[in-house]
Amino acid sequence: MMEIIEKKQLKLKLTSSPHIHSDLSSKKAMLYVIIALLPCVISSLVFFGARQFLIILTSIFFTASAEFTVRKIRKQESTLSDGSAFLTGLLLALILPPDFSLSSTAIGAVVSIVIGKEVFGGLGCNIFNPALVGRAFLQAAFPVPMTTWVKTEFPVDAFSGATPLSAYKFDKVITDIFPMFLGNTGGSLGETSAIAIIAGGIFLVFMKIVNWRIPFSIITGSLVFSGIFYLMGKTPDPIFHILAGGLLFGSFFMATDWVTSPLTAKGIWIYGFGIAFLVIVIRVFGGLPEGVMYSILLMNAFVPLINKFTVPLIFGGKDE
Amino acid sequence: MIRISYWREFVKGILDQNPTFRQLLGTCPTLAVTVSAVNGIAMALATSFVLVFSSVIISMIRKLIPSQVRIASYIVIIASFVTIVDLVMKARFPELSKELGPYIPLIVVNCIILGRAEAFSSKNTIFRSFLDALGNGTGFLLALTLIGSIRELIGSGKIFNFGILPAEFNPWLVMILPAGAFITYGLLLASINQISIRKKRIKKEKMIEEIIGKKKESVLLSEVAS
């Protein structure tokens with residue numbers, strides 16, 4: 001009896017939802033993001049020296065082995081092949097300061113996978129961006145090395161190791177726009193070169209890997225909020241705020257994490273403007289020079305709430 | 001009502017119903033003062049002292065307290081013992097008292113003490129209340145010592161103020177910050193839950209095996225009989 005049913009080719013297939021499949025697998029998406037990150041990797045090697053590649057390798061090695069080990073211990077299928085652990089490792093390395101100690105990098109990598117991702121159940125279940133969890137942990141655990149910046153090595157005439165934001169916060173020195181655009185300033189590995197980030201980010205947006213609304217809303221939001229404080233005479237011009245620190249990197253690569261960003265367009269606008277508002281408030285009024293990491297983590301925590309309140313109207317349903 | 005043995009009455013507070021890891025009570029001092037093992041022990045000893053004495057007193061006068069004002073009466077009794085502890089610590093261990101700060105007076109509202117008063121000593125005999133309070137106090141002491149030791153070891157490289165880790169070890173400051181308390185507590189809870197789930201599963205499997213074994217025996221017996 002069973003054989004007869006199997007041989008008969010039914011034209012109508014009965015399956016449960018989802019019915020529409022995209023050929024974009026998570027493996028492919030991760031690969032595209034890694035490609036988009038290559039300009040940042042190159043800019044970090046150019047500006048801070050080729051030895052920074054060791055930080056990247058260490059970070060990737062430890063995120064991958066942490067993921068493998070946790071899956072083994074929990075007796076679950078290995079998810080190493082979807083590439084998300086490699087991507088987390090690469091992202092974490094790019095937001096660490098240059099010449100950061102390798103042992104601390106390893107600690108951050110393990111924390112970002114174990115506490116940031118696997119305790120929630122693995123890919124797709126985490127509340128917070130794993131790479132940012134790792135960085136926040138390192139920031140709290142080793143505050144001094146995490147805020148020690150080195151001078152750029154290329155071109156040789158870099159005058160100070162301080163990031164544009166800390167130079168402004170503590171010494172009231174405003175860095176020129178051009179070095180910030182090129183990447184010739186102090187800062188984390190991947191965040192200094194605006195042009196490299198924008199190149200990678202535009203690639204991601206064009207390939208439709210990330211939702212364009214997220215970087216767009218964060219950047220325009222920052223322009224508006226920092227513009228308000230600029231007119232009040234409290235802060236440098238908005239362009240400085242966009243190019244300085246991790247705002248561009250965060251808006252293109254961190255806030256756009258598929259798992260930890262809202263599902264609907266309306267929700268994304270709230271999310272993006274929320275991040276922009278928090279970043280500018282922390283930068284202008286906070287004790288820390290930079291606040292992109294904490295802003296994104298805070299808004300990540302709000303994503304379930306945002307999703308709940310921006311459920312789209314069901315076709316034929318009534319607006320209450 | 002099933003009466004369990006005096007020994008079980010004491011032990012249950014340490015393992016099966018550990019106030020910190022199984023009842024999840026008293027988390028406020030657990031998270032706040034376990035920066036070092038010594039602080040944890042001091043806090044737990046102070047709490048245990050109040051717990052034991054207030055449990056005994058409440059159990060003694062449990063039939064005299066009208067149920068409408070019982071919580072207020074418990075608080076008065078607990079607060080008297082907390083005042084004793086607070087003053088003794090201020091006089092004898094001024095440094096420790098300063099370090100624990102407001103958490104000693106806050107023992108008044110510690111939910112382990114009020115919880116045991118309401119759930120146990122207001123319904124049980126004096127001796128049973130004493131054992132129950134002692135068991136819970138010991139469980140709390142062990143839990144706080146464990147959390148305090150872990151945080152002190154990783155957060156400052158020492159344990160009971162003795163340097164154990166090599167000098168090259170770079171202490172993780174986060175562990176002596178509030179975030180470290182939450183991380184340590186969460187991971188410990190997760191591993192303890194994991195152990196108890198595994199224990200339960202093994203117990204269940206054994207029971208099932210026993211039942212199957214008995215059935216097979218009875219089938220064999222019936223076959224032999226026929």
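**View 1. Lys208(A) in a loop of chain A.** With a relative accessibility of 71%, Lys208(A) counts as exposed (over 50% relative accessible area, with buried under 20% and partly exposed in between; 1.4 Å probe, protein chains only). The model is predicted: local features need pLDDT of at least 70 and side-chain atom pairs pLDDT 80 or more, whereas totals for chains, interfaces and linings use all residues. Residues are numbered from 1 along each chain as its sequence is written, chains are lettered from A and ligands numbered from 1 in the order in which they are written, and side-chain values use heavy atoms, without hydrogens or water. Lys208(A) belongs to the loop that joins α10 (194-206) to α11 (213-231) of chain A; helices (H or I, at least four residues) and strands (E, at least two) are DSSP runs, numbered from the N terminus. The phi angle of Lys208(A) is near 60°, which is positive although the residue is not glycine.

**View 2. Leu24(B) in a loop of chain B.** The loop that holds Leu24(B) runs between α1 (6-11) and α2 (27-33) of chain B. Leu24(B), a residue other than glycine, has a positive phi, near 55°. Its relative accessibility is 43%, and Leu24(B) therefore counts as partly exposed.

**View 3. The buried helix α4 of chain A.** Helix α4 (residues 84-94) of chain A is largely enclosed by the rest of the structure, because 10 of its 11 residues are buried. The buried residues of α4(A) comprise Ser84(A), Ala85(A), Leu87(A), Thr88(A) and Gly89(A), together with Leu90(A), Leu91(A), Leu92(A), Ala93(A) and Leu94(A). Among the elements of chain A that cover them are α2 (26-48), α3, α5, α6 and α13 (247-254).

**View 4. Packing of α3(A) with α5(A).** Helix α3 (residues 52-73) and helix α5 (residues 102-114) of chain A have axes 8 Å apart and pack at an angle of about 35°; axes are lines fitted to C-alpha atoms, for helices over the stretch in contact, and angles run from 0 to 180 degrees between N-to-C directions. From α3(A), the contact (heavy atoms within 4.5 Å) takes in Leu54(A), Ile55(A), Thr58(A), Ser59(A), Phe62(A), Thr63(A), Ala66(A), Glu67(A) and Val70(A). From α5(A) it takes in Leu102(A), Thr105(A), Ala106(A), Ala109(A), Val110(A), Ser112(A), Ile113(A) and Val114(A). The residues of this contact of α3(A) with α5(A) comprise 11 nonpolar, 5 polar and 1 charged (Ala, Val, Leu, Ile, Met, Phe, Trp, Tyr, Cys and Pro count as nonpolar, Asp, Glu, Lys and Arg as charged, and the others, Gly among them, as polar).

**View 5. Packing of α6(A) with α15(A), and the setting of Tyr294(A).** The axes of helix α6 (residues 130-141) and helix α15 (residues 292-309) of chain A lie 10 Å apart, at an angle of about 125°. That angle makes α6(A) oblique to α15(A) (under 35 degrees is roughly parallel, over 145 roughly antiparallel, 65 to 115 roughly perpendicular and the rest oblique). Leu132(A), Val133(A), Arg135(A), Ala136(A) and Gln139(A) of α6(A) meet Met293(A), Tyr294(A), Ile296(A) and Leu297(A) of α15(A). By class, the contact of α6(A) with α15(A) holds 7 nonpolar residues, 1 polar and 1 charged. Tyr294(A), a residue of helix α15, is partly exposed because its relative accessible area is 30%. Leaving aside residues up to four places away in sequence, Tyr294(A) touches Gln139(A), Ile282(A) and Leu288(A). Between the C-alpha atoms of Tyr294(A) and Phe181(A), 113 residues apart along the chain, the separation is 24 Å.

**View 6. Packing of α3(B) with α7(B).** Helix α3 (residues 37-60) and helix α7 (residues 126-156) of chain B cross at roughly 170°, and their axes come within 8 Å. At this angle α3(B) is roughly antiparallel to α7(B). The contact of α3(B) with α7(B) draws on 16 nonpolar, 11 polar and 1 charged residues.

**View 7. Gln194(B) and the chain around it.** Gln194(B) sits in helix α8 (residues 178-225) of chain B and, at 42% relative accessibility, counts as partly exposed. Gln194(B) and Phe120(B) are 74 residues apart in sequence, with 28 Å between their C-alpha atoms. Chain B contains 8 helices and 2 strands, in the order α-α-α-α-α-α-α-β-β-α along the sequence. Its C-alpha trace spans about 85 × 60 × 25 Å along the principal axes. Of the 226 residues in chain B, 40% are buried. Among the contacts in chain B with a separation of 6 or more, 74% are between residues 24 or more positions apart.
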